[in-house]
Amino acid sequence: MSPKFSLQNVLDLRHGKVELLEIELGKLLSNHQQTQALLASLQGHQANLLDQLSAALSGEIDLVKMSLLRLNVLQVGKHIDMVLLELKKQTREIEAKRAETVKAKQAEETLETLKRNRHEIYLAEQLQIEAQTLDDIYIARAFRNQQQGA
């Protein structure tokens with residue numbers, strides 16, 4: 001049985017940190033998708049309002065209706081601008097979280113590599129001890145056989 005890796009607690013902590021960061025990144029990506037859906041909805045609503053405004057311009061002109069439609073188009077446009085700013089902010093947060101996740105994964109992988117290397121060294125030492133023990137047994141048998149034959 002191989003000995004316990006001396007930095008196993010640190011490796012477990014790093015693994016937990018990677019999992020936590022991946023969960024946070026998933027939440028950020030989900031929020032980003034929801035914000036993109038909101039943007040698409042707002043853009044569709046704005047296009048609908050613009051169609052209504054162009055329809056109001058043809059035929060009998062109702063200034064109150066046109067004024068309300070124009071005001072709605074402007075408000076939706078401001079809301080779209082706010083959503084675009086939010087999307088940019090979310091994109092920056094996602095990239096920062098992604099970089100942090102990659103860095104944490106690299107730190108975890110470093111310890112995993114160290115653990116594998118330590119295990120390989122242990123196995124090599126065990127093979128060397130086993131070979132040395134077998135050599136001692138063969139030497140003892142040869143000496144005993146030589147003593148009995150003499």
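I began with I61, which is found in the loop between α1 and α2. Helices here are DSSP runs of H or I with at least four residues, numbered from the N terminus. The model is predicted: local features need pLDDT of at least 70, side-chain atom pairs count only at pLDDT 80 or more, and totals for chains, interfaces and linings use all residues. Residues are numbered from 1 along each chain as its sequence is written, and side-chain values use heavy atoms, with hydrogens and water left out.

Entry 1: Leaving out residues up to four places away in sequence, I found I61 touching A56 and M66; contact means heavy atoms within 4.5 Å. I then looked up A131, which is 70 residues from I61 in sequence and 101 Å from I61 in space, C-alpha to C-alpha.

**Entry 2: the helix pair.** How do α1 and α2 pack? Helix α1 covers residues 8–57 and helix α2 residues 63–149, and they pack at an angle of about 165° with their axes 7 Å apart. Therefore α1 is roughly antiparallel to α2, a label for angles over 145 degrees, where under 35 is roughly parallel, 65 to 115 roughly perpendicular and the rest oblique. I noted the crossing of α1 and α2 as left-handed, that is, the near helix is turned anticlockwise from the far one by less than a right angle. The residues of this contact divide into 27 nonpolar, 16 polar and 13 charged.

**Entry 3: the core.** Which residues make up the largest nonpolar core? I listed 12 in all: L39, L42, L49, L53, A56, M66, L69, V73, V76, I80, V83 and L87. Such a core is a set of buried Ala, Val, Leu, Ile, Met, Phe, Trp, Tyr and Cys residues joined through side-chain atoms within 4.5 Å. Both α1 and α2 supply at least two residues each, and the largest share, seven residues, comes from α2. For V73 I looked up the contacts beyond four places in sequence, and these are Q46, L49 and L50.

Entry 4: Is H32 buried or exposed? H32 lies in helix α1 and has 13% relative accessibility, so H32 counts as buried. Buried means under 20% relative accessible area, exposed over 50%, and partly exposed in between, with a 1.4 Å probe and protein chains only. Beyond four places in sequence, H32 touches L87, Q90, T91 and I94. Q33 is also in helix α1, but at 55% relative accessibility Q33 counts as exposed. Its C-alpha atom is separated by 9.3 Å from that of L87, 54 residues apart along the chain.

Definitions and conventions. Axes fitted to C-alpha atoms, helices over the stretch in contact; angles between N-to-C directions. Nonpolar A, V, L, I, M, F, W, Y, C, P; charged D, E, K, R; others polar.
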